[in-house]
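Here is a friendly walk through a structure that may be new to you. Please keep the sequence and the 3D view at hand as you read.

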Amino acid sequence: MHDLNRRGVLRVGSLAGLGLADVLRLQHAQANPVAPKKEINCIFIFTIGGMAHQDLWDMKPDAPPEIRGDFMPIASRVPGIDVSEILPHMARVTDKLAILRSLTHGDSDHTAGYHVMMTGQHPGFGGNFNRNVQNNNVHPSLGSMVARLAQGSNTLPPYVSVPNFMNSGGPAFLGPSYAPFVIEADPASPEFSVRDVVLPAGVASDRSRRRQAALREINRFERRVEEISRQERSFDTFYDKAYRLMTSAEAKQAFDIEGESESTRTAYGMTSLGQCCLLARRLVQAGCRFVSIENGHWDTHRKNTMSLKELLVPALDQGLAALLNDLDERGMLDSTLVVLTTEFGRTPRINVMAGRDHWPQAFSIVMAGGGLKRGLTIGATDKQAAYVTDRPITPSDMAATVLSALGIDPDTTLLTPVGRPIQLAGGGKPVSELM
Amino acid sequence: MSVVSSSSNTRSGPFVALLRQLPAILICVICQPAASSVSAEQGIQTLFVEPLEINLRGNNRTQQVLVTQKSVDGRLLDVTHLSRFEIAHESLARMSASVVCGLADGETRLIVRHENSEVEVPVHILGVAGYPPVDFANDVLPILSKQGCNNGGCHGKASGQNGFKLSVFGFDVDADFDSLVKEARGRRVFPASPERSLLLSKPAGHVPHGGGLRLEHGSPDYELLLAWICQGTPRAQPGTPQLQRITVSPLDRVLATNSQQQILTTAHYSDGGTRDVTAAAHYTSNAPLVADVQQGLVHTGQAPGEAAVTVQYMGQVASVQLQVPRAGQADANAQPFLANNAVDELVAAKLAKMNLSPSRLCDDATFLRRVWIDTIGTLPTPDEVREFLAEPAADKRGRWIDRALDRPEYADYWSLVWADILLVDRQKLGEHGAHELHRWLRRQFDQNLRYDVWVTELITASGNSALYGPANLYRAVDTPEEAARSLSQAFLGVRLECAQCHHHPFEKWSQDDFYAMAGFFNGLERKVIAPGRALVYHAGVRETRIPISNKPVALRPLGAAAPLPAAEGDPRVLLARWMTAAQNPWFAKLAANRMWKHFLGRGLVEPEDDLRSTNPSTNEPLLQLLADRFSQDFDLKVLMRLILNSRTYQLAETPNGSNADDEQNFSRHYVRRMPAEVMLDAICQAAGSPESFVGSPPGTRAIELWDNRLPQYFLEIFGRPERTSPCECGRTSEPTMSQALHLMNAPEIESKIAGEGGRVDRLLAANADEARIVEELCLATLGRPPGARENAVAHELFVASPPRQAAEDFLWTLLNSYDFLFVK
């Protein structure tokens, strides 16, 4: 029963509060996660710090200058959808995406906002500005849910994070098996390589094969299967997966961003975000189900205009537009959901430091592809982009939309270690206008 | 006891013993007609029926019958679903399987037959026609619970379901009453046209219901809800008895594989009355592969082992312990289990009961490596291994256990273990706070101070957090609620987090209990004196109220009958005195269980810090023994010696013919992966190439680190915990692909293997030959000389490559091998 000792026992031990039918359904679901009906993958871009919605996606040109800011709207490819003048590339691809202008939640704390927008559920703490807590162990991130419930390629890990681990991107109670495979390197760097996947210097491939043969021999030498403990056997599984990844030509190719043509690399922009987008496309192409990208830092409390215009937006504008064009040209946009999201928006009024502060009451995110409707906006805010006036969308609704698009029932219930049934998307409903 | 027909043997010894095993019950006995001529030695087959007497009061009451046979060899066998039932007067009652249902008022008898035995039970039926006044708490809510309406996946979840919210498991009677009767503009209950009430029409499927059909139209439950609405939806009936507890039968039972056992659950009320709630209670097994349970019926599977079934009914809990011994003969080749100490006697008794034979004693080298890793988080050096193996004395294991306990690494390792439990998180406590608390912890272990003394110091800590380590505990747990939750779990193994928001679903703890504990910490101040530093002190007791009801709660330790008398000053002193007392039901037990799990790989109770009554120990006498010994002087090293010197700790991992599946009873050693810090140190030590940690002096080992957030990729991926919640589950040993990739390919590890001045480099510089290199590397990694397989594997590598490369490849192979990564 060792296997059942913690999550197992508690998982089962906690079925007590459910009706019999629920128990059977849950036991079934936990034993045999239902494979999603369709294979749609996700690239999830998180602009960390809080993206200024009114300077990018939800312009208010008629508001007074201290509200509307320094940027003016420009017309985009879709008549009636205006975006910021600092998004010239994105303006040409609005026919491929949906702008959701009515996101709203109640927490202006980075940590809580990050958590709620990565998982669809509030972590249960927050309200404490910049409380510096690693919070990935409260609810599982969307990527971990996908890793848990989706079937993926056998070689590449189902959930990958680049260019670093994301604090709210962890598996929480689902366990480390569903943690992201983290590519801790910047694909824009000339020295980019994926940690530990390539053989260390001085170890050629024939030598590596000798080592692997020796290892198999030493672990199994004259042992009967039943003498090999369960713990060792579960390690075996991961050694096998790791070895397949190391030796797979497919994986090698996916990670080898240098193999991409110079013109494609330039089209995405030689920036961290641009090259992360390009790497994400390669990974999805090779069988990853969920690639999350963190980009920052967008916390523009000071010099908002300059930061956006010169430091942050150009890379996003170029990289994201290139990603959408590239996916579309390859016929992959329908099977790849691209999400651009953030913790929250920024205050309507520009502060004394020429910055904008945290504003969770209303903000915008972008979704594209994955079979969702394109070329539209959803929801609206008031004249100051301060409050939602039409069609509020919660983080749980966003999570439900992502999961639904990926073919996973957002109402699927999983049990936490203390036995609380938790719906994947926290009870959120998919944004039906997109479906 | 009514003996319908008896033999002269009925009152003999075995029968009395049997009565003790069936504490809750019965007894109508019929013996075989021939019994009187059968001697006691040959055994008597007897049939028992529970309950002794059946009383059905009201229309929807039923009575589950439990029929037990004592077979000729003395075993108790559930024959409920094999028996034939007859009601003497068919017009008064009928049977639905093994359940008696009343049809009309009157007196009759239930006749139970199985094989040649027959038992009669009197049946009294009253109040079938015309509903007695319906009570919301006693009659209505149990139906909602039974149908699953208020479970956490449905209307019981915090947000309710489709606008209709019930308290989870019906813990809040008033709120549920309001929700049904006062909300939704009276559509849920509609006295003017009772059957159109949503309470009936939804679950009966008359109008669409997301939860499906839950209530059959016209069923007794449906009729009762209807009667309640017709009676005007009363909240309570005057003088209604209160539910006081539930009892279950059987309390424990030994079952065969692939068999079944009916559970009988009875509710007891304040007026002395009882009610059969078998069908309305919830049942959960903690080991469904051993024994699964559905609606009160247990099915055992193929796997031997133990299971506990938790029974819940309206906030009351009980549990049934089930043992399924391994079938078949004892292992003929098993070595005799010679007890080293009292621990082994209790383990042996349990193994005999489960028909398991223990594995043989592990060899000396395995023993030494195991003791070193488990006690000081450190591999033995090649010289230590050689010295230990060469020593002829028969008592050397005990002496080397003492040697390990006296090593300075003992304090390093145990302060690491406890820093996890006490949430010594640099991110939350700041550098000064985390460092001071860690340093203080290390001192407790270094001087082997009494556990009760240092826990008291922690619980009552006040002072400047930058200067006085223990004060930081209250910066790690910084609200009264968090303190109640974390400290109850860390020192008592009582998990209260559920009870913060609702009645604990698997325990007796209510919100009252929770806030009565939280109150001890209400008044604790953490006055910031500089960034990351605070003055911690108790400013005197403040009134604590339960948020939902706004009801004030007096300070009361868990399970204490009466609140503590109000006292001046810091109430934590009283709390600590109660908590660390030898008589405290959990304090010593939790420490003993943690220690057992640390050394044996599995707690006697699992999870190790969840000592609830419904989560029983797999060997309660052993846990009690450990706790009793420990509470004599709260000396951790004495407790460790008791465990480490036991034969049980020193068993081999290799299974014999009987115990390959045993993962509960310690018939063999359960292997575990080394913890993250220990493994990193082990790699450095084996490769002869230390790691350097940012901000720490050269030579610092990973087990000495106080900073749990130090950026260190190896520790991150191998499961260094974040120390944000008090359970050791934060420290996971689950494997991941990143770990395997890192061990195989990381340049950091390769540079240790092949680096200048490392073990391989030094061996080659000393012109060591193949045999010497292989021996040295095996001693350094596996803690033993090479065996046939190591020699064979190494030789192939030495044939294929020049010595340096071959030696590096062999070290790589050993560092990736399971004999290295795991504690065998």
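In chain B of this predicted model, helix α9(B) passes helix α20(B) in a right-handed crossing. A crossing is called left-handed if the near helix is turned anticlockwise from the far one by less than a right angle, and right-handed if clockwise. The axes of the two helices come within 11 Å and cross at roughly 145°; such axes are lines fitted to C-alpha atoms, for helices over the stretch in contact, and the angles run from 0 to 180 degrees between N-to-C directions. Helices (H or I, at least four residues) and strands (E, at least two) are DSSP runs, numbered from the N terminus.

Which residues of α9(B) and α20(B) meet? On the α9(B) side they are Ile401(B), Asp402(B) and Leu405(B), and from α20(B) come Lys637(B), Met640(B), Arg641(B) and Leu644(B). The residues of this contact (heavy atoms within 4.5 Å) divide into four nonpolar, no polar and three charged. Here Ala, Val, Leu, Ile, Met, Phe, Trp, Tyr, Cys and Pro count as nonpolar, Asp, Glu, Lys and Arg as charged, and the others, Gly among them, as polar.

Stay with α9 for a moment, which spans residues 396–405 of chain B. Its buried residues are Lys396(B), Arg397(B), Trp400(B), Ile401(B), Ala404(B) and Leu405(B). Buried means under 20% relative accessible area, exposed over 50%, and partly exposed in between, with a 1.4 Å probe and protein chains only. These buried residues pack against α7 (364–376), α8 (382–390), α10 (409–421) and α20 (636–644) of chain B.

Two single residues show both sides of that definition. Gln632(B) sits in helix α19 (residues 620–633) of chain B. Is Gln632(B) buried or exposed? Its relative accessibility is 61%, so Gln632(B) counts as exposed. From Val311(B), Gln632(B) is 321 residues away in sequence and 35 Å away in space, C-alpha to C-alpha. Thr233(B), by contrast, lies in the loop between α5 (220–230) and β13 of chain B. Thr233(B) counts as buried because its relative accessible area is 9%. Leaving aside residues up to four places away in sequence, Thr233(B) touches Phe177(B), Val181(B), Val189(B) and Trp228(B).

The strand β13 leads us to a sheet. Three strands of chain B form an open sheet in the order β13-β16-β17, with antiparallel pairing; two strands pair if DSSP finds at least two bridges between them. β13 (243–249) and β17 (274–276) of chain B each have a single partner strand and stand at the edges, so one side of each is left without a neighbour in the sheet. From one strand to the next, the twist averages 25°. Strand β16 (residues 264–269) of chain B is joined to β17(B) by three bridges, and Thr266(B) stands opposite Asp276(B) in β17(B).

Strand β19 (residues 291–294) and strand β20 (residues 297–300) of chain B pair in the antiparallel sense over four bridges. Ala291(B) and Val293(B) make up the covered face of β19(B), while Asp292(B) and Gln294(B) make up the uncovered one. Val293(B) has Val298(B) in β20(B) as its bridge partner. Two residues lie between the strands of this hairpin, and Gln295(B) takes a positive phi near 45°.

Now turn to chain A. An open sheet of eight strands runs there in the order β6-β5-β7-β1-β8-β11-β4-β12, with mixed pairing. With a single partner strand each, β6 (181–182) and β12 (376–378) of chain A stand at the edges, so one side of each is left without a neighbour in the sheet. Strands β5 (residues 159–162) and β7 (residues 290–295) of chain A pair in the parallel sense over four bridges, and Val162(A) stands opposite Ile293(A) in β7(A).

Finally, step back to chain B as a whole. Its secondary structure comes to 29 helices and 29 strands, and 60% of its 824 residues count as buried. The C-alpha atoms of chain B fill a box of roughly 100 × 75 × 50 Å, taken along the principal axes.

How far can the model be trusted? Where pLDDT is low, the predicted coordinates should not be read in detail. The model scores ipTM 0.82 and pTM 0.85.

Residues are numbered from 1 along each chain as its sequence is written, while chains are lettered from A and ligands numbered from 1 in the order in which they are written. In this predicted model local features need pLDDT of at least 70, side-chain atom pairs count only at pLDDT 80 or more, and totals for chains, interfaces and linings use all residues, while side-chain values use heavy atoms, with hydrogens and water left out.
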